Amino acid sequence: MPTQAKHRFSTLSATVLAGLLLGGSGASLAADTADTSGIYLGLSLGSANGSADLYKRDGSHPSFGAALGYRLNKTVSVELFARGLNFSLFNFNLENNPPYYPDSHIGAALLADLPLSESFSLYGRLGAGSTKMVNDLVKNPSYRITDYSFGAGLSYAFGHGWSSKLEFLRLNRSEVNVASLGLEYRF
């Protein structure tokens with residue numbers, strides 16, 4: 001995809017997601033006053049893919065994520081999250097000048113839910129964090145880049161604080177896409 005088209009897609013996606021977040025926060029004012037705030041923990045397993053040479057050569061890589069969040073009300077949450085973007089041990093060891101590739105991401109995000117029914121809801125996320133870029137040569141140190149993230153997902157609450165999530169996450173600067181399935185427990 002040409003750079004200008006990528007920029008337009010990123011801008012359009014961020015605008016749509018911002019509208020979802022603002023709409024979700026407005027919906028929380030009209031929602032019932034039941035106490036739905038509290039801490040939650042989440043784990044997810046998925047697939048990472050993107051424009052890095054690692055993904056171009058191998059295709060998608062397994063991705064594991066963990067999250068600690070606080071639900072402010074029925075529709076708005078804040079979250080700290082970490083995600084591994086690559087679980088290969090020897091990616092470019094035999095090459096003279098191996099490329100850097102994204103290895104992991106840590107960040108914070110604002111999430112907004114849009115309830116569809118008592119069990120199902122759509123949600124959007126906007127976040128910022130740090131992506132670790134690594135290289136397989138020992139003499140080349142890893143470095144971190146500031147990375148913005150946005151995503152959307154479908155959540156299904158199945159009782160007693162448990163819910164499952166199907167999510168798409170985009171790390172904008174490192175150009176990584178993650179599709180994942182997760183489990184969340186709300187205390």
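A residue counts as buried when its relative accessible area is under 20%, as exposed when that area is over 50%, and as partly exposed in between, using a 1.4 Å probe and protein chains only. The model looked at here is predicted, so local features need pLDDT of at least 70 and side-chain atom pairs count only at pLDDT 80 or more, while totals for chains, interfaces and linings use all residues. Residues are numbered from 1 along each chain as its sequence is written, and side-chain values use heavy atoms, with hydrogens and water left out.

Take S77 to start with. S77 sits in strand β3, residues 76-84; strands are DSSP runs of E with at least two residues, helices are runs of H or I with at least four, and both are numbered from the N terminus. With a relative accessible area of 5%, S77 is buried. Setting aside neighbours within four places in sequence, S77 is in contact (heavy atoms within 4.5 Å) with Y40, Y70, R71, L72, A109, L110 and L111.

Next comes the nonpolar core, meaning a set of buried Ala, Val, Leu, Ile, Met, Phe, Trp, Tyr and Cys residues joined through side-chain atoms within 4.5 Å. The largest one has 17 residues, and A48, Y55, L85, V176 and V178 have the most contacts inside it. Two or more residues each come from β1 (38-50), α2 (53-58), β4 (101-115), β5 (120-134), β7 and β8, with β4 giving the most, three residues. V176 touches A48, Y55 and L85, among others, not counting residues up to four places away in sequence.

Phi of E175 is near 55 degrees, a positive value in a residue other than glycine, and at 22% relative accessibility E175 is partly exposed. H160 also has a positive phi, near 50 degrees, and is not a glycine either. H160 lies in the loop between β6 (143-159) and β7 (162-171), and is exposed at 77%.

A pocket is an open set of points on a 1 Å grid over the protein atoms alone, where a 1.4 Å probe fits, with protein on both sides within 12 Å along at least five of seven lines; lining residues have an atom within 4 Å of a point. The largest pocket holds about 510 Å³. Of its 30 lining residues, R71, K74, E118, A157 and R186 are the closest to its centre.

Methods: Points joined across faces, edges and corners; volume = space filled by probe spheres on them.
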